[in-house]
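Subject: Structure handover and notes

Hello,

Here is the structure for your files. My notes follow below it.

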Amino acid sequence: MSSSTPEVSVYTAATQNGWKPLMFLEEAGIEYKLVYIDFDKREQKSEWYLKINPNGRIPALIDHSNGDYIVMESNAILMYLADKYKRFIPEDPKLRWDCMQWLFFQTGGVGPMMGQAMYFQRIAAPNGHNDEFAIRRYVDESRRLLEVLDKHLDGRTWIVGDDYSIVDMAMFTYPKCTFWAKVSVEGLPNLKAWLARIDARPLTRKALLLPEPRPAFWGEGDVAAIEAQNSARFSTDVKKD
């Protein structure tokens, strides 16, 4: 969404972490300003952006209705938005703590493991650094974590409680892109059903096309071209053999 006087501005790009705040804002119907961070220009490392996020990563959020308060880190942004708008987070204290536990499971497990699986296969290898041990390590650990999630989802519609929440948003974006990570989801029926339920949400589908469509991440469109573009963007970060 866009408005001349939005409450929040989101600085992001079309990545697994970058989609998370957009999913929340679209689902909640919140007006926001979308600022595209161009990796080709390395805007995430620019002086002006490092004043917003000193870690030089996306996404970041500025809450103009709260004294231009800045929030970085995708799951912290989801937590902030959930508290601000009282949406997509349980009111029951125990369920809120369930929510926090699975958010940290994503933050410390699913996200970084699948992210590294993607990096070593889709960025490092095309740039001449093919580390078979690292690839196997991250692919296998990603699969193990998805098996944990699949088991948890047995008999459940959503990860926590009876309602769609920020945990589902946070968790969804990496398993959505198992194609890009080259991690199999065969034999994980509960995970597949959960992914399909979220994929069927129109506003989530809209968010996944922002700031620009990247269907190659889930195996659609010109995968080879996007892989070449993506690996070139980060070629200077790769230590070659």
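Predicted model: local features only at pLDDT ≥ 70, side-chain atom pairs only at ≥ 80, totals over all residues.

One definition to start: buried means under 20% relative accessible area, exposed means over 50%, and partly exposed lies in between (1.4 Å probe, protein chains only). Residues are numbered from 1 along each chain as its sequence is written, and side-chain values use heavy atoms, with hydrogens and water left out.

R42 has a positive phi of about 55 degrees, although R42 is not a glycine. It is found in the loop between β2 and α2. Helices (H or I, at least four residues) and strands (E, at least two) are DSSP runs, numbered from the N terminus. At 30% relative accessibility, R42 counts as partly exposed.

E73 is another non-glycine residue with a positive phi, near 75 degrees. E73 lies in the loop between β4 and α3 (74-85). Its relative accessibility is 42%, so E73 counts as partly exposed.

There are cis peptide bonds to check too. One joins I58 and P59, with omega about 0 degrees. P59 sits in the loop between α2 and β3. Another joins L210 and P211, with omega about -10 degrees. P211 is in the loop between α9 (202-207) and α10 (223-233).

The sheet

Four strands form an open sheet in the order β2-β1-β3-β4, and the pairing is mixed. Two strands pair if DSSP finds at least two bridges between them. The edge strands are β2 and β4 (69-72), each pairing on one side only. From one strand to the next, the twist averages 20 degrees.

Strand β1 (residues 8-12) pairs with β2 (residues 32-36) in the parallel sense, over five bridges. V8 stands opposite Y32 in β2, and Y11 stands opposite V35 in β2. With β3 (residues 60-63), β1 runs antiparallel, joined by four bridges. There, Y11 stands opposite A60.

How is β1 covered? Five of its five residues are buried. In a regular strand the side chains alternate between the two faces of the sheet. In β1, V8, V10 and T12 are on one side, S9 and Y11 are on the other, and all are buried.

β1, helix α1 (residues 19-28) and β2 make a right-handed β-α-β unit. Right-handed means that, with the strands pointing away from the viewer, the path from the first strand over the helix to the second runs clockwise. α1 lies across β1 and β2, running at about 145 degrees to β1. Axes here are lines fitted to C-alpha atoms, for helices over the stretch in contact, and angles run from 0 to 180 degrees between N-to-C directions.

Aromatic pairs

A search of the whole structure finds 15 aromatic pairs. Rings of Phe, Tyr and Trp (its six-membered ring) pair if their centres lie within 6.5 Å; planes under 30 degrees apart count as stacked, over 60 as edge-to-face and the rest as tilted.

The rings of Y11 and W48 have centres 6.2 Å apart and planes at 55 degrees, so this pair is tilted. Y11 lies in strand β1 and W48 in helix α2 (residues 47-50), so the pair ties together parts that are 37 residues apart in sequence. Y11 is buried, at 12% relative accessible area. W48 is partly exposed, at 39%.

The rings of Y119 and F120 have centres 5.3 Å apart and planes at 90 degrees, so that pair is edge-to-face. Y119 is partly exposed at 23% relative accessibility, while F120 is buried at 14%. Ring pairs also link W19, W180, F217 and W218 into a cluster.

The core

A nonpolar core is a set of buried Ala, Val, Leu, Ile, Met, Phe, Trp, Tyr and Cys residues joined through side-chain atoms within 4.5 Å. The largest one has 82 residues, of which F24, I159, I166, M171, L191 and W194 touch the most other members. Helix α4 (residues 93-124) gives the most to this core, with 13 residues.

Contact means heavy atoms within 4.5 Å. Leaving out residues up to four places away in sequence, L191 touches L146, L149, D150, L153, P175 and V185.

Q121 lies in helix α4. Q121 counts as buried, at 12% relative accessibility. Beyond residues up to four places away in sequence, Q121 touches P126, I135, V139, A181, K182 and E227.

Best wishes
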